[in-house]
Amino acid sequence: HQPRHDRRQHHWKAGDAQFHDIEYAQADADQNDANTGVRLKDKQEPLFLAGYHHEWSPGMHSLFLVGRLADEFLATDPGQRPYLGTVDAAGMFTSLGQINANFRYQSALEIYTAEWQQIWQQERHGLVLGTRYQVGEFDTESQQTRSGAAGALFFPTGAISQQHFVNDFDRLSIYGYYNWRVFEPLLLTAGFSEDRVHYPQNYR
């Protein structure tokens with residue numbers, strides 16, 4: 001048997017706006033050594049993009065794009081078997097056995113994006129200038145709870161570990177490109193780009 005994969009994807013469009021809905025799930029199939037309770041699910045809904053284009057004169061164009069990016073990842077394992085132990089003064093780990101635990105991990109991101117681009121195009125010369133700004137956040141939660149009597153002395157409330165972090169994300173990009181059609185088929189391009197990104201180093 002092989003692991004089961006399920007993927008559903010939908011796209012729809014209204015005018016210049018586009019929407020995308022993607023859902024992906026994975027589970028272990030019936031295998032002798034498999035943990036059949038593990039579930040992985042990745043959902044992207046909705047992804048939204050909308051654009052605007054205006055031609056001021058022949059060869060002079062302005063473009064504007066806005067969008068929303070969203071992703072949610074979920075992992076669960078009701079049959080996790082973590083080790084319970086102690087660490088002595090020398091840093092050595094001594095196992096006291098395994099306990100039964102429920103594990104749940106969820107990570108969600110939501111990012112909004114906006115981009116402006118100006119294009120000047122002539123017969124042999126072209127210039128593109130643009131900037132993009134994105135802002136959003138990562139919301140990450142990890143939870144592990146005791147599911148049996150083992151370990152009750154150490155975790156009387158049932159909670160083994162619980163972490164929740166919300167981290168900001170932002171990105172600013174500036175770019176420009178100049179094209180010169182010297183002759184067919186020779187095209188020379190020169191450009192610059194600057195990218196500043198602020199994001200959590202280990203959001204998962």
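Guide: In this predicted model, 24% of the 204 residues of the chain count as buried. Ser-62 counts as buried because its relative accessibility is 10%, under the 20% cut-off. The residue sits in strand E4, which covers residues 60–80.

The side chain of Ser-62 makes a polar contact with the side chain of Trp-56 at 2.6 Å. Another polar contact, at 2.5 Å, joins the side chain of Ser-62 to that of Gln-118. Once neighbours within four places in sequence are left aside, the residues in contact with Ser-62 are Tyr-52, His-53, His-54, Trp-56, Gln-117 and Gln-118.

As for the chain as a whole, its secondary structure consists of ten strands and zero helices, so the order of elements from the N terminus is β-β-β-β-β-β-β-β-β-β. Among contacts with a separation of 6 or more, 56% are between residues 24 or more positions apart. The chain exposes about 13700 Å², and 55% of that area is supplied by carbon and sulfur atoms.

Aromatic rings give a further local feature. The chain has three aromatic pairs. Tyr-175 is buried, at a relative accessible area of 10%, whereas Tyr-177 is partly exposed, at 35%.

Definitions and conventions. Residues are numbered from 1 along each chain as its sequence is written. This is a predicted model: local features need pLDDT of at least 70, side-chain atom pairs count only at pLDDT 80 or more; totals for chains, interfaces and linings use all residues. Side-chain values use heavy atoms; hydrogens and water are left out. Helices (H or I, at least four residues) and strands (E, at least two) are DSSP runs, numbered from the N terminus. Buried means under 20% relative accessible area, exposed over 50%, partly exposed in between (1.4 Å probe, protein chains only). A polar contact is a pair of N or O atoms within 3.5 Å; within protein, one must be able to donate a hydrogen and the other to accept it, and residues adjacent in sequence count only if both atoms are side-chain atoms. Contact means heavy atoms within 4.5 Å. Rings of Phe, Tyr and Trp (its six-membered ring) pair if their centres lie within 6.5 Å; planes under 30 degrees apart count as stacked, over 60 as edge-to-face and the rest as tilted. Accessible areas come from the Shrake-Rupley method with a 1.4 Å probe; for residues, only the protein chains shown count as cover.
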